[in-house]
Amino acid sequence: MRAFTTLWIGLAALCSLYAQQTEYPAEKFYTDPDVKTREHVLDIERLKLDVSFDPPKGLVKGKITHYFKPIRKQVDSIVFDGTKLSIIQAKLNGKDVKFKNTGSQIIIYPQPALAWNSKDSISFVYEAHPRAGIYFVGWKDRRKLSQKQIWTQGEDTDHRHWMPLYDDPSDKMITEMIVTFDKDYQVISNGKKISEKINKDGTKTWHYAMSKPHASYLIMLSIGRYDIKTVYSKRGVPIHLYYYPGEVEKMEWTYRYSAATMDFLEEAIGIPYPWESMANIPVQDFVTGAMENTTAVLYGEFWYVDKRAYLDDFYVDTDVHEQAHQWFGDLITMRNWKHLWLQESFATYYAKLGTRKFFGEDYYQWERRSEQTKALSAGKSDRLPIMHTQGGVPRVYDKGSAVLDMMAYAFGSEELSRVVYHFLSHHRYGSVDTHDFYASFLDTLGVTPDWFFDQWIYRGGEPHYEVSYRDVTWQGNRQTEITVNQIHPVDDMVKLFKMPIIFEVYYEDGSSDRVKEWIEKASQKVVIPNSKSKTVSFVLFDPGSIILKDVTFDKSLNELKAQVRRAPNMIDRYDALVGLRSFDPDEKRDLLVELFEKETFQATKGEIVLQLVNDSDPKSMKLIRRALADPDAEVRRAVIQNVQTIPNELLADYEALLNDPSYDNIWYSLIKLTSLYPANTSRYLDLTKDVIGMGRAVRLKWLEISLAAGNADAMKELIDYTSNACDFRTRIATFYIIKKLNYLDDTVIGNLLDAALNANSQLSNAATGTIGFFTQQETMRLKIRNYYFAHDWEDWEREVIETVIF
C-alpha cells in the first residue's frame, strides 16, 4: 500500500511555483545567522599553482594564477582570501595591478574596471609560513624517526593560509598544480599526473591537472616517501594505493576492499565514477580522520593497519565513505555549509550500505543502531536539525545517514535511487542546496516530500513512542490492539511525527501477522485481527528498528524469551537480550547458553557474555570458556571488559588473551590481569614485553604498569614518546601517563612546549592541558617558566606559550 505517496499532477512550472511557496521551518525556528551563500563578482574557471617548499622553516613559495570571467556588469575590486601571506607581486592580465593586503584578504583594484564578456587572469607571487591548511610533519625531528611529510587539509576554509584564493565552496574551478621538491619523495595532487621532470639541482618537478571543476577546499597536496600499488575497478579506473616503503602487509589489509568499493558505489549510485583516477594516501598526525579531496583521499595512519590491527579497527568503512564523497561532495558540492548534510550524510549512508555488502546484514543493522544511538544522545543536549552548521557530527553524519535509511523505507529503495540519480546527474560538477534534492523528488517521482523533509531535515528532535498491546475479543472476534502514544515534548520546534510503521504479532504456533499503519497522532490504536484465535507470543513495533526513535515498550520475561528465539532480525533479538538484563541469572541462564551456540554476530554474543560473565554457575563458566576462545575478537573482548573477578579454574583461559591476535584485547587483558592478580605482574609483563600495538597503545600501558611495579628504567622510554619523533596519538597518550605520574623534567617540558606549538589541535590541546595541570603546582610552574626563559622563541611561539604558562 502506497497511501503515503502524494502525487503532484502538474507541469514543471507548477512544481516550481509550489517549491517557491514552501515554507522552510529550519529558517523560521532555528537561527544560523553566520551561514549564507557568499556573494562573488567573478566566476573563476581555472586555478594554476606553481609551488615549492623549505620544510624545516615551514616556508611556502608560490605563484598562483586565477583565470576567470566577471559576472557583474562592472568589477572595480576583487577580494581573494589570504591569511598572513606575504604578497611579493600581483598582476592582472600580465601587468602590475594595485592591491591591498589586509592580513586576511588581498583586494585587487582593476583600472579600468573589468566588465562582462571578458576573460581575465590574476596572478600572485607570494610566500607564507602557514599555521593551517598545509602541514610540515617530522622536519624538526632530531632523532630522525618520524615520517617526513607535507600534506594539506583545506576543509572548511584553511587553504587561504598557504595560498591566495577564493576560499568558498560556492564556486568551482579546474585546478592544476606544479610542485618542485626533492626527487626522492613522492608528490601527489588532484587529477592526472601530466609529467615528472628531474632538475639539475637534484629536485624534481611534478605536474598534476584536473579536467573537470571542483571546489577549492578539495585541492590537495601530499609529499612523502611511499611505495605504490595500482589496482583497477571493473570499468578500468586506476586506484593508486600508497603505503610506506616495504609495508606490504599493511597495504593489503588496509586496502583489501578498495577496488570492490568503487564497483559497489558505481552500481549503487548508478553513475560511473566521475574522475580520472582515485588514490588513497596515509599521513602522519592528520588533523581529521580522512578527507575526500577530489581523486586523492588523505587519511590518518591510525587506519593504516596490519592483520592484527584490522581486528580492532579498519579503513574499510572510511574507504567507502571517502569514495562516496567523490560523488557526494566532489561531483556535487554544497552551496554553503548549512547543506553539508548533502555530502556527509550521503557518504555515511553509502558507507553503511557498503559494509552490508562486505560484512552482511547483521553488521549493517548494528551500524544503523550505532547511528541512531549517537543521534538520540545528541538530541538530549539540543534539538538542532541536520541542516544546521552547529548540528555536529552526530547529526550531519549519523542522524543524516539514519534519515536516508528512513527515506528509502518510506518512499521505496528503488524510488530513492532514482531520485539520487536525478539529483546527481542534473547538478554534476555544480553547486547544490537541500531544495535541489527536494526538487528531485518532484521531478523524478512527482511527489512532494514535505512531510518527511519538515520533520527529519528542516526540524530537529526525535519521536519517543510508548507502546503497549492487549489481546482482546471484540464482538466475538479476537484481535490484538496495539496502542502507540507519542510522549516526546511537542512545541513549535518539534511536532508530532508522521511515519508509516510496521507492526508484527507472533503467535505461539509459529505463525505471524503483519500490518503497516501511519502513526501521526498523539495517541493511536492499531488493530490486528486474530481470526483463528491464536495465542500471542510477542509483538514487534518497527521490526528491524528502521525508524530513529526512543521506545518504551514493556515486555514480560516470556515475551522477551520468545522474541530472542524467534525474531528474524538480529537487532530485534539483541533488544530482547538487553531486556533480559533486569532478570536474575537463574531465570535466563539456560536460554542464554542455548542462544550463545546459535547466534553468530558479535553484538548478540557479547550481550550474552555481559550477562553471564560474573555468574559462578558451572554452565555460565563453561560458556565463558568458550567465549574466551571465540573466533570473533569482539566477543573475546566482551569477556575481558566485563569480568569483575576471575575464577582460578579460568585463569589460564584469561591469561591466553595476553597472546591474543587483537592488540586491543591484549591491552584490556594486561590491565585487568595485573589489577586482579598483582602478584603475577612480572610474568604478565614478560609475556607482553614485545607487543607494541597501534599508536603504541599496548607498549605505553606496559610501561605504565612496569613503572608502577618498580621498574624505574621504563621512564626513559616513556619520556622518549613525548617527543616529536612520535605520532600525535602516541604523544597524547604519553602526556596522560606523565600527568598521572606527576613527572616533569626539562626534556618533558621541551616536548610539551613543542607539542603546544603544533598545528594539530588535538595534540596542542592535550599539551596545553597537561602544562596547565603542572602549572597548578608551584615547583612545577617554576620549572616550566625557567625553561621558557632559558630558550629562544619566535614571536608567534612566545605568544602561544605565554598564554599557557602565565
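**Strand pairing, nonpolar cores and a buried aspartate**

In the predicted model, strands β15 (residues 192-198) and β16 (residues 203-209) form an antiparallel pair with 6 bridges. Within this pair, Lys 197 has Thr 205 of β16 as its bridge partner. The hairpin of β15 and β16 has 4 residues between the strands, and Gly 202 adopts a positive phi near 90 degrees there.

The largest nonpolar core comprises 243 residues, of which Phe 53, Phe 437 and Tyr 654 touch the most other members. When neighbours within four places in sequence are set aside, the contacts of Phe 437 include three further phenylalanines, Phe 346, Phe 423 and Phe 453. Trp 341, Leu 342, Met 407, Leu 416, Val 419 and Val 420 are also in contact with Phe 437. Another core, of 5 residues, lies apart from the largest one; Phe 538, Leu 540, Ala 562 and Ala 567 are among its members. In soluble globular proteins, nonpolar side chains tend to be buried together.

Asp 171 is located in the loop between β12 (149-152) and β13 (172-182). With a relative accessible area of 6%, Asp 171 falls under the 20% cut-off and is therefore buried. A polar atom of the Asp 171 side chain lies 2.9 Å from the backbone nitrogen of Ile 44. Beyond neighbours within four places in sequence, Asp 171 is in contact with His 40, Leu 42, Asp 43 and Ile 44, as well as with Tyr 166, His 214, Ala 215 and Ser 216. For Ser 216, which is 45 residues from Asp 171 along the chain, the separation of the two C-alpha atoms is 7.8 Å.

Methods:
Residues are numbered from 1 along each chain as its sequence is written. This is a predicted model: local features need pLDDT of at least 70, side-chain atom pairs count only at pLDDT 80 or more; totals for chains, interfaces and linings use all residues. Side-chain values use heavy atoms; hydrogens and water are left out. Two strands pair if DSSP finds at least two bridges between them. Helices (H or I, at least four residues) and strands (E, at least two) are DSSP runs, numbered from the N terminus. A nonpolar core is a set of buried Ala, Val, Leu, Ile, Met, Phe, Trp, Tyr and Cys residues joined through side-chain atoms within 4.5 Å. Buried means under 20% relative accessible area, exposed over 50%, partly exposed in between (1.4 Å probe, protein chains only). Contact means heavy atoms within 4.5 Å. A polar contact is a pair of N or O atoms within 3.5 Å; within protein, one must be able to donate a hydrogen and the other to accept it, and residues adjacent in sequence count only if both atoms are side-chain atoms.
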